[in-house]
Amino acid sequence: LGVGLGDVMMVGDGHNDLPAIRAVGWGVAMGNAEVEVLEAARLTVADVEADGAAEAIEASATLGIVAP
C-alpha cells in the first residue's frame, strides 16, 4: 500500500499489543491499558467504556497534527 510504519496507528491495551505499538509511528493506548502499554504509547485515549476506540479513530484523521 506504500504506507510506512511511521504513518501507521496501532491501538491496544495489553501486553500482547506492545510489539505492534512499538513498531508503528502512532502507538495508542486505551485509557484502561496496562502500565507498560501506557508508557510505550505516543497517544492515550479514553478507556473502552468511554468510547476510546472512537476517539482513536477521530485522532487518526489528524495524525500529523496530534502532538507526540
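Asp 51 counts as exposed because its relative accessibility is 54%, where exposed means over 50% relative accessible area, buried under 20%, and partly exposed in between (1.4 Å probe, protein chains only). Asp 51 is found in the loop between S3 and helix H3 (52-60), and its phi lies near 65°, a positive value in a residue other than glycine. The model is a predicted one, in which local features need pLDDT of at least 70 and side-chain atom pairs count only at pLDDT 80 or more, while totals for chains, interfaces and linings use all residues. Residues are numbered from 1 along each chain as its sequence is written, and side-chain values use heavy atoms, with hydrogens and water left out.

Turning to the overall fold, the chain has 3 helices and 3 strands, these being DSSP runs numbered from the N terminus (helices: H or I, at least four residues; strands: E, at least two). From the N terminus on, the order of elements is β-α-β-α-β-α. The chain is as compact as a globular protein of 68 residues, because its radius of gyration of 11 Å is close to the 11 Å that the globule rule gives for that length. Here the radius is taken over C-alpha atoms, and the rule is 2.2 Å times the number of residues to the power 0.38. Along the principal axes, the C-alpha atoms fill a box of roughly 30 × 25 × 20 Å. Of the 68 residues, 31% count as buried. The chain exposes about 4,100 Å², with carbon and sulfur atoms supplying 56% of it; the areas come from the Shrake-Rupley method with a 1.4 Å probe.

The strands form an open sheet with the order S1-S2-S3 and parallel pairing. S1 and strand S3 (43-44) stand at the edges with a single partner strand each, so one side of each is left without a neighbour in the sheet. Pairing requires that DSSP finds at least two bridges between two strands, and 4 bridges join S1 to strand S2 (residues 26-29).

Asp 17 lies between strand S1 (9-12) and helix H1 (18-23). Asp 17 is buried yet has no salt bridge, and the nearest side chain of opposite charge, Arg 22, is 12 Å away. A salt bridge is a side-chain nitrogen of Lys or Arg within 4 Å of a carboxyl oxygen of Asp or Glu; for charge, Lys and Arg count as positive and Asp and Glu as negative, with His and the chain ends not counted. Leaving aside neighbours within four places in sequence, Asp 17 is in contact with Met 10 and Gly 12, contact meaning heavy atoms within 4.5 Å.

Ala 46 is found in the loop between S3 and H3 and counts as partly exposed, at 23% relative accessibility. Beyond its neighbours within four places in sequence, Ala 46 is in contact with Met 30, Gly 31, Gly 52 and Glu 55.
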